[in-house]
There are 2 protein chains.
Amino acid sequence: MLDQRIKFRHLTCFLEVARQRSVVKAADTLSITQPAVSKTIRELEEHLDARLFDRSKRGVTLTDFGKVFLRYAGASVTALRQGVDSISQVRMQGGLSINLGVLPTVAASVMPNAIRHFKTLSPDTTVKVVAGPNVMLMGQLRVGELDLVVGRLAEPDQMSGLSFIHLYSEHISLVARPGHPLLADKNPDITRIREFTVLVPPKHAIIHPTVDKMLIAHGIGALPDRIETVSTSFGRAFTRETDAIWIISNGAVASDIAEGHLVELPIDTSDTFGPVGLTTRIDSPISPPVEMLINAVREEASRHHSEQAATKT
Amino acid sequence: MLDQRIKFRHLTCFLEVARQRSVVKAADTLSITQPAVSKTIRELEEHLDARLFDRSKRGVTLTDFGKVFLRYAGASVTALRQGVDSISQVRMQGGLSINLGVLPTVAASVMPNAIRHFKTLSPDTTVKVVAGPNVMLMGQLRVGELDLVVGRLAEPDQMSGLSFIHLYSEHISLVARPGHPLLADKNPDITRIREFTVLVPPKHAIIHPTVDKMLIAHGIGALPDRIETVSTSFGRAFTRETDAIWIISNGAVASDIAEGHLVELPIDTSDTFGPVGLTTRIDSPISPPVEMLINAVREEASRHHSEQAATKT
DNA sequence: ATTTTGCATAACTATATAATTATGAATCAG
DNA sequence: CTGATTCATAATTATATAGTTATGCAAAAT
């Protein structure tokens, strides 16, 4: 049971003494007298029923208890500080805001529902959705301009300092309009895609290297007639109106396929399986609102995923 | 600035009222009178200089400020609770303990130093190091028997509910004893490894599928003479004493290669690059001791990595 | 139209608090 | 040995606290 008599005064005092390893110095920076600090520490020790410092005549040192408690005390004080800060943020800006980076894979499939659900839970939090090349988004995430990026796991060299939470895995698809010449044959020769315009992810896209490997594995070398694009809206329109083949992460076109607007080419893309998830900064602990959004996305992803699995059977 | 007059009494009272949406009910469960609760909430509001509840005649509802503050207040109280709990845990067990799963890649390279460093920071925390097949470790992690697993990123289907923190990337190596017949030629025909006993990771190993793909890519089909093993100590001994080829993640044999006990075969394994990092549970927030260990591992990994890079040049 | 419900306010009180000053004891640096 | 440093303890005090009971008031429910 938590002792209600513990006050933040005790914790801040404890933290200061621990930091300075000195009662006198702590008293100085806290602008109170030395006996006051001594007493406050003693009170805290009594409330916790554990000795926090070893006292000597040349300062104080943390006991084992103290070392352990230190972290939690810090976390507790930090949380309250953040709470107070958030209130003033709400007052100033009229609400909290979350900055969210979204990669094409999930922009159309998981995220709309996830954000909708989140907004029912926390309608007063502003969610800013940013799209763009993953390198840019990861950069912004690392700098703190974004709180969260959702999409495929980025290349390892971009992931330093970032943490990844797995949601599900998806493969890359080759899609074309319904009635596409290649689909006439039940088991078409895949190398024939060279005969058509092919829309491929550009150099900086996360899936670019995977796509390259896959093409090589299928004996398709450089594509003579290619368009590089990240724009799913362009890709969708172009693919539906022409005989172009579109190589794109499955998630981006799942609904189009389901609705029959686009058709997947029968090609083995099992090598292109890759993790989709949430990327956050590893330092700077996840704030409660972001955590709520994360939960909403996870929930939606698992719902989404089980639906997909159901459709497959 | 944090108002030192805020006490945990205020927070717990606030949390209870928010939970129950009622001053009367909260007063009941807190075993104090209704005016006492009213007054406590008023005090908190004054200290924060913000209205937390909208009062009506059928209960109270959180204001926008209140909704935001709620999360942080909860976090703050939780942290303190955990702190108090940890103290009694230390008292009972004579110290905190961390249960750590270690995969072969890092067992010999990064972790020894990382744990040594951690133990200088926090000598009183017991670290239990568990090795084993990754499926088992991930299972234990998910159940809570482990706090942390260090190694290669597991297959997506094992990662649900887990979070991955990237440390660095490594590839898979083919190694043999110095003076191995294959090394006589400067650019040996790699398919000739079929002539020797080959030690390969077993089916359940994380790197198994990657190894398979690589073998196929190099035109090496099934290996006639193979030994499947996870044991790096067996692998090391066997490879040094016989003409066997050992296919193993680079990290597991990096020091042996550096010291000249084993030699890497000149084969392109760039396709086998994969992320190595820390895997934790996504729910149940990371406790401060585990966080310290994570930092120690990250530090050691980056030091380790920069050294490797330096050796390459 | 009452009664009930739910919260606010006021007046009061014993206790706890958060400091203070003054003093003492043990160590450490010369 | 001396004086400075560092922390502990005691005595003291004004103030804050954490509750209490009693009462009021407006909205809902009956």
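Which residues touch the most other members of the largest nonpolar core? In this predicted model, they are A:Phe14, A:Phe69 and B:Phe69, and the core has 59 residues. In soluble globular proteins, nonpolar side chains tend to be buried together.

A:Phe69 can be followed in detail. Leaving aside residues up to four places away in sequence, A:Phe69 touches A:Leu11, A:Phe14, A:Leu44, A:Leu48 and A:Leu52 in chain A. From chain B, A:Phe69 touches B:Leu80, B:Gly83, B:Val84 and B:Ile87. There is also a second, separate core of 26 residues, with A:Val130, A:Met159, B:Leu153 and B:Ala154 among them.

Now turn to the DNA. DNA strand C is surrounded by 21 residues, and the closest are A:Arg9, A:Thr33, A:Lys39, B:Ser38 and B:Arg55. Of the atoms of DNA strand C that come within 4 Å of the protein, 63% belong to sugar and phosphate. Sorted by class, the residues of this surface are eight charged, seven nonpolar and six polar.

Some contacts can be located atom by atom. B:Arg55 places a polar side-chain atom 2.4 Å from a phosphate oxygen of DNA strand C. At B:Val60, a backbone N or O atom lies 3.4 Å from a phosphate oxygen. The elements that give two or more residues to the surface near DNA strand C are, in chain A, helix H3 (34–48) and, in chain B, helix H2 (23–30), helix H3 (34–48), strand E1 (53–56) and strand E2 (59–62). H3(B) gives the most, with four residues.

Definitions and conventions. Residues numbered from 1 in each chain as written. Chains lettered and ligands numbered in written order. Predicted model: local features only at pLDDT ≥ 70, side-chain atom pairs only at ≥ 80, totals over all residues. Heavy atoms only, no water. Near = heavy atom within 4 Å. Polar contact = N/O pair within 3.5 Å; in protein donor to acceptor, adjacent residues only side chain to side chain. Nonpolar A, V, L, I, M, F, W, Y, C, P; charged D, E, K, R; others polar. Core = buried A, V, L, I, M, F, W, Y, C linked by side-chain atoms within 4.5 Å. Buried < 20%, exposed > 50% of the residue type's maximum accessible area, 1.4 Å probe, protein only. Contact = heavy atoms within 4.5 Å.
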